[in-house]
Amino acid sequence: MRYNQYIVYGQQLYKQNCSNCHQEDGTGLGKVIPPLVQADYMLNELGRTACIIKYGLEGEIEVNGTDYNQIMPAHDDLTALEIAQIITYIGNSWGNEAGYISVKETESYLDSCRVY
């Protein structure tokens, strides 16, 4: 039940906050914005994904063998619950199969990436 709710709310949040760059179908934008579809960079470390959503990212990354070097802005206005919903949605869309990501897991991920 909670999984289905996270998918529904995660999709709405994704459309509001992420799809402009990553595209509605998660395919990214050429060699500028990485895809989320079967993205090894995201799926291999979902905790890092939570941190990137919350705090943004600068510097080069490699996704599915392609290098990307575009700044991703922070979404520090999103709560841990909202980030959990987004990760559950993107982790289980477009052929991805990451499963349900709880708010407690997301809080733990976010605690581990804070910069003091």
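Let's start with the bond between cysteine 51 and cysteine 113: they form a disulfide, with their sulfur atoms 2.2 Å apart. Keep in mind, everyone, that this is a predicted model. The link is left-handed, at -105° about the S-S bond. It ties together distant parts of the chain, since cysteine 51 sits in helix H4 and cysteine 113 in helix H6, 62 residues apart. Both ends are buried: cysteine 51 has 14% relative accessibility, and cysteine 113 has 19%.

A search of the whole structure turns up one disulfide. Cysteine 18 is buried at 13% relative accessibility, whereas cysteine 21 is partly exposed at 36%.

Now to the largest pocket, which has a volume of about 460 Å³. Its lining has 29 residues, and the closest to the centre are His22, Pro34, Leu36, Ile52 and Met72. Among the elements giving two or more residues to that lining are helix H1, helix H4 and strand S1. What classes of residue line the largest pocket? There are 21 nonpolar, eight polar and no charged residues.

Last stop, asparagine 92. You'll find it in the loop between helix H5 and helix H6. Asparagine 92 counts as buried, at 19% relative accessibility. A polar atom of its side chain lies 2.7 Å from the backbone oxygen of threonine 88. Leaving aside residues up to four places away in sequence, asparagine 92 touches Tyr3, Ile7, Glu97, Ala98, Gly99 and Tyr100.

Conventions
Residues numbered from 1 in each chain as written. Predicted model: local features only at pLDDT ≥ 70, side-chain atom pairs only at ≥ 80, totals over all residues. Heavy atoms only, no water. Helix = DSSP H or I, 4+ residues; strand = E, 2+ residues; numbered from the N terminus. Buried < 20%, exposed > 50% of the residue type's maximum accessible area, 1.4 Å probe, protein only. Polar contact = N/O pair within 3.5 Å; in protein donor to acceptor, adjacent residues only side chain to side chain. Contact = heavy atoms within 4.5 Å. 1 Å grid on protein atoms, 1.4 Å probe; cavity = no way out; pocket = protein on both sides within 12 Å on 5 of 7 lines; lining within 4 Å. Points joined across faces, edges and corners; volume = space filled by probe spheres on them. Nonpolar A, V, L, I, M, F, W, Y, C, P; charged D, E, K, R; others polar. Disulfide = S-S within 2.5 Å.
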